[in-house]
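Q: I'd like to learn how to read a fold from its coordinates. Could we go through one together?

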Amino acid sequence: MSYDKFLPTITALDRPFWDSVKAEAAAIQRCDDCGTFRFIPRERCSCGSASATWAPIAGTGTVYTYTVVHRAPTPVYQADAPYVIAHIALDEGPRMIGWLECDPDDAAIGMPVHIVYRHVTDDVSLFAFVPAATA
Ligand SMILES: [Zn+2]
């Protein structure tokens, strides 16, 4: 597979997240001491604990905010413009930034969404969000 857009630089710290995305079962860190979910992956919780478990998430949330990209960073992205990049407030609490795959005119703060998986190369899968009404 060839993929012309940016790919994440996967590190030991975030490898479990990207593996979970590839498996279509996204998991994020949950603090073993206070129970707080966190994203992006970090070595310590805001409570100070260094102990965390990768916990599956429901993959559902709402649009916290979004932007419609009209002038993309590269010609490959420009071919998709206008497109929507959104902060999604996960039901578990943390926010994730990702593509919101919908007509830009349909994007709205508070819109319920769910995660979808895009297997873009043999090694890397990405996530995006779609309106919850979309199968
Ligand atoms: Zn904690």
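Q: Let's start inside: how many residues does the largest nonpolar core have, and which have the most contacts inside it?
A: In soluble globular proteins, nonpolar side chains tend to be buried together. Here the largest nonpolar core has 21 residues, and Val63, Val84, Ala86, Leu100 and Ala107 have the most contacts inside it. A nonpolar core is a set of buried Ala, Val, Leu, Ile, Met, Phe, Trp, Tyr and Cys residues joined through C-beta atoms within 7 Å. Buried means 20 or more other C-beta atoms within 10 Å of a residue's own, exposed means 12 or fewer, and partly exposed is in between, with C-beta atoms placed from the backbone. Before going on, note that this is a predicted model, where local features need pLDDT of at least 70, side-chain atom pairs count only at pLDDT 80 or more, and totals for chains, interfaces and linings use all residues. Residues are numbered from 1 along each chain as its sequence is written.

Q: Which elements each supply at least two residues of this core?
A: Helix 1 (15-22), strand 4 (60-69), strand 5, strand 7 (112-119) and strand 8 (125-131) each do. Strand 5 gives the most, with 5 residues. The elements are DSSP runs numbered from the N terminus: helices are H or I with at least four residues, strands E with at least two.

Q: And what does Val63 touch, not counting residues up to four places away in sequence?
A: Contact is read from C-beta atoms, placed from the backbone, that lie within 7 Å of each other. By that test Val63 touches Ala86, Ile88, Leu100, Ala107, Ala108, Ile109, Gly110, Met111 and Val113.

Q: Zooming out, how do the elements of the protein run from the N terminus on?
A: The order is α-β-β-β-β-α-β-β-β-β, which gives 2 helices and 8 strands. The radius of gyration is 15 Å, close to the 14 Å that the globule rule gives for 135 residues, so the protein is as compact as a globular protein of that length. That radius is taken over C-alpha atoms, and the rule is 2.2 Å times the number of residues to the power 0.38. Of the 135 residues, 21% count as buried.

Q: How do I read a sheet, and in what order do the 3 strands of the open sheet come?
A: Strands of a sheet pair through backbone hydrogen bonds, either parallel or antiparallel. Two strands count as paired if DSSP finds at least two bridges between them. In this open sheet the order is 2-1-3, with antiparallel pairing. Strand 2 (37-38) and strand 3 (52-56) stand at the edges, each with a single partner strand, so one side of each is left without a neighbour in the sheet. Strand 1 (residues 27-31) is joined to strand 2 by 2 bridges, and Gln29 stands opposite Arg38 there.

Q: Which residues of helix 1 are buried?
A: In helix 1, Phe17, Trp18, Ser20 and Val21 are buried. Seen down the helix axis, the buried residues fall within an arc of 155 degrees, so they line one face of the helix; the arc is that of the directions from the axis to the C-beta atoms. Their cover includes strand 1, strand 3, strand 7 and strand 8. Just after the helix, Glu24 takes a positive phi of about 55 degrees.

Q: What about the other strands: how many bridges join strand 4 to strand 5, and strand 7 to strand 8?
A: Strand 4 and strand 5 run antiparallel with 8 bridges, and Thr65 has His87 as a bridge partner. Strand 7 and strand 8 are also antiparallel, with 7 bridges, and a hairpin joins them through 5 residues. Strand 4 pairs with strand 7 too, antiparallel over 3 bridges; Gly61 stands opposite Val113, and Thr60 opposite His114.

Note on methods: Contact = placed C-beta atoms within 7 Å.
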